[in-house]
Amino acid sequence: MSSSRELYLLYRDLLCPKETHSARSLEFSQAFNFKDDDVIAVTYPKSGTIWMQEILPLLLNGGDLTPIQTIPNWDRVPWLEEKRLEVVVDQLTSPRAFVTHFPYNLMPPSFHTSKAKAIYVMRDPRDVLVSSYYFHQMAQFLEEPGTIDEFLGKFLEGKVLFGKWTDHVKSWMHTELGDRVMHITYEEMVQDLPAALRRMSDFLGCNLDDETIQKIADYCSFRTMKENKMSNFSLVPKVFMDNDKSPFLRKGQSGDWKNHFSSEQLARFTSVIHKELEAESCSLPWSLDTMEGTDIEHEDPESP
Ligand code: PPS
């Protein structure tokens, strides 16, 4: 079993996997030149990143399926901070789309001076935690997560990839980007994808008709993406990602945390998150205190 020190590098206090990140890739990201018509989806890990890698090319290309059917997601909409960016950047055609897990303060200077747009996708942190827990089981380049209770402790302390969830959302909540940034939640996307796509399309000035929006929604559905080998990570060798342990496209639902959290864990989680957001004038779109707002049946957390 490899240690955290072997698997991760520390960049400005944030843990990044060495498999996908390097000192050079992080340096490259800081020197990166954004163009005015670029768009970047920003997520804390496990909040809907690869969903946006499907959505953005479709919106920006009027529903043309070619990019999502011929280019793996990591090359089609590369991560700003990852090694692949330098390899593929010259092949990207404008308008270009990127994703990043960077908090706002790590966005490169050219992002601020350009007119590039950002879409920040936020997800209920309890579901983020559960999704991440399973991801740590299947991604062989990440640390073993231990028990859900141990992982919950690490998550709350920020000893996980890209640090504390609260720091990330706070950093993107009050920016000076004005109408260059749009906020959306994973839950909104799950609940009504065509409406969420319409919002994004209008924000990006894509001018798409309802028929095209519906077509994009169909191709970005969990079920269709799960079948798309350019998006489901089946092209990645098992030694890196073992979809048999847990598929990357795992459940695609909101509320799965209920199948994993005990009431004590919920209380502990809620008290830390609330405390850390208390000083901020920000409200969350979900109530973290109750068992409300789920879309799925609650299974017994004790059952195997
Ligand atoms: S990562 O590793 O940070 O890039 O992961 P990320 O893509 O941000 O998050 C993975 C979760 O997003 C879910 N997902 C979707 N949900 C609904 N519909 C669609 N189309 C979709 N695509 C990806 C994916 O299943 C992971 O969530 P869980 O809860 O684990 O299923």
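**A walk around the ligand**

Let's start at the ligand in this predicted model. It is surrounded by 22 residues, and the closest are Thr-49, Ser-131, Tyr-186, Lys-251 and Gly-252. What kinds of residues make up the shell around the ligand, by class? Eleven are nonpolar, seven are polar and four are charged.

Now look at some individual contacts. Trp-51 places a polar side-chain atom 3.1 Å from a nitrogen atom of the ligand. His-101 also takes part through its side chain, with a polar atom 3.3 Å from an oxygen atom of the ligand. With Phe-222, the atom to look for is in the backbone: an N or O atom there lies 3.4 Å from a nitrogen atom of the ligand. How much of the ligand does the protein bury? On its own, the ligand would expose 640 Å², and the protein buries 97% of that.

You can also see which elements supply this shell. Those giving two or more residues are α3 (49-60), α8 (125-138) and α14 (222-227). Among the contributors, α3 gives the most, with three residues.

Finally, follow the chain to His-168, which sits in helix α10, spanning residues 165-173. Is His-168 buried or exposed? Its relative accessibility is 1%, so His-168 counts as buried, since the cut-off for buried is under 20%. Leaving aside residues up to four places away in sequence, His-168 touches Val-42, Thr-43, Tyr-44, His-101, Phe-102, Pro-103 and Tyr-120.

How values were computed. Residues numbered from 1 in each chain as written. Predicted model: local features only at pLDDT ≥ 70, side-chain atom pairs only at ≥ 80, totals over all residues. Heavy atoms only, no water. Near = heavy atom within 4 Å. Polar contact = N/O pair within 3.5 Å; in protein donor to acceptor, adjacent residues only side chain to side chain. Areas by Shrake-Rupley, 256 points an atom, 1.4 Å probe, with all protein chains shown as cover. Helix = DSSP H or I, 4+ residues; strand = E, 2+ residues; numbered from the N terminus. Nonpolar A, V, L, I, M, F, W, Y, C, P; charged D, E, K, R; others polar. Buried < 20%, exposed > 50% of the residue type's maximum accessible area, 1.4 Å probe, protein only. Contact = heavy atoms within 4.5 Å.
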